[in-house]
Amino acid sequence: MNIKDLFIRVKYFPSGLINLFTFKIKHIDIGCNFISFGTIFVRGKGKIEIGNKVIITSCRETNPIGGDTKTILYANGGTIKIGNNVGISNSAIISTISIIIEDNVLIGGNCKIYDNDFHSTDFNERMKSVNGGVKSLPIIIKEGAFIGGHSIILKGVVIGNRSIIAAGSVVTKSVPAGEIWGGNPAKFLKKISQDS
Ligand SMILES: CC(C)(COP(=O)(O)OP(=O)(O)OC[C@H]1O[C@@H](n2cnc3c(N)ncnc32)[C@H](O)[C@@H]1OP(=O)(O)O)[C@@H](O)C(=O)NCCC(=O)NCCS
């Protein structure tokens, strides 16, 4: 570790302690070797599980790519399950049903992962209750996937093993394993080469 890395680790040690304290009081299961930079905003009464060797950035300094965003884990009645060896940068993960992020996944700066629409598409439902009649479907980001910065993953999407979502994509449909998808709405761009 060089001097700069050491300085960063020392600087963000207090926020790391705050995160661990927050996880403790919110009964969040967390594995070993957790590293965080900046305070993570944790909300909701649902269940959150975090595996081993997870790195979460929630500040500008250690990953400026996401801009001024923070990491938010909001289990709004749903479950958020983060596997082993996962990296998440300055992203919002909001679950009213289930969001599973499997092992070895990378989530780039300023991504949004929402397993629900927050408001109904039906005008009358919206007028009755701001959160009434909302559609929710589980999301799974499978082993080894890489989500490019500023992407939005919407309800019901499964991202296949080792697939890549191009920067700034809005993903509305499931992505098979081993493919690169991008754009809004995200479409197939190319297969990942076998030797990569
Ligand atoms: C998806 C990505 C990995 C593809 O890189 P690549 O393998 O070098 O592919 P190319 O640049 O040759 O692009 C292949 C095709 O995808 C298209 N494409 C690339 N990125 C795209 C994007 N973000 N949105 C839409 N289409 C995209 C290209 O235009 C090209 O289309 P074409 O075949 O019609 O010409 C790269 O563009 C990308 O988005 N990287 C993510 C960067 C990032 O966010 N990092 C994390 C930051 S924290």
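The largest pocket of this predicted model has a volume of about 200 Å³, where a pocket is, on a 1 Å grid over the protein atoms alone, an open set of points at which a 1.4 Å probe fits, with protein on both sides within 12 Å along at least five of seven lines. Grid points are joined across faces, edges and corners, and the volume is the space filled by probe spheres set on the points. The lining, made up of residues that have an atom within 4 Å of a point, consists of R9, Y12, F13, G16, L17, L20, F34, I35, S36 and F37. Helix 2 (13-25) and strand 2 (35-37) each supply at least two residues of this lining, and the largest share, four residues, comes from helix 2; helices (H or I, at least four residues) and strands (E, at least two) are DSSP runs, numbered from the N terminus.

Residues are numbered from 1 along each chain as its sequence is written. Local features need pLDDT of at least 70 and side-chain atom pairs count only at pLDDT 80 or more, while totals for chains, interfaces and linings use all residues, and side-chain values use heavy atoms, with hydrogens and water left out.

The loop between strand 19 and strand 20 contains P185, and the peptide bond from N184 to P185 is cis, with omega near -5°. In the loop between strand 1 (29-30) and strand 2 lies N33, which has a positive phi of about 55° although it is not a glycine. Most residues other than glycine have a negative phi, and most peptide bonds are trans.

A second open sheet is formed by six strands in the order 3-6-9-12-15-18, and its pairing is parallel. Its edge strands, each pairing on one side only, are strand 3 (41-43) and strand 18 (170-171). Three bridges join strand 3 to strand 6 (residues 72-75), and V42 stands opposite L73 in strand 6. Elsewhere, strand 7 (residues 79-82) and strand 10 (residues 98-101) pair in the parallel sense over four bridges, with I100 in strand 10 as the bridge partner of K81.

The ligand is surrounded by I65, G108, G109, F146, G148, G149, A166, A167, I180, G183, L189 and K190, each having a heavy atom within 4 Å of it. This shell divides into six nonpolar, five polar and one charged residue. Among the polar contacts (pairs of N or O atoms within 3.5 Å), an oxygen atom of the ligand is 2.6 Å from a polar backbone atom of G149, a nitrogen atom of the ligand is 2.8 Å from a polar backbone atom of A167, and an oxygen atom of the ligand is 2.8 Å from an N or O atom in the side chain of K190. The protein covers 46% of the 920 Å² of accessible area that the ligand has on its own, as given by the Shrake-Rupley method with a 1.4 Å probe.

Methods:
Polar contact = N/O pair within 3.5 Å; in protein donor to acceptor, adjacent residues only side chain to side chain. Nonpolar A, V, L, I, M, F, W, Y, C, P; charged D, E, K, R; others polar. Pairing = 2+ DSSP bridges.
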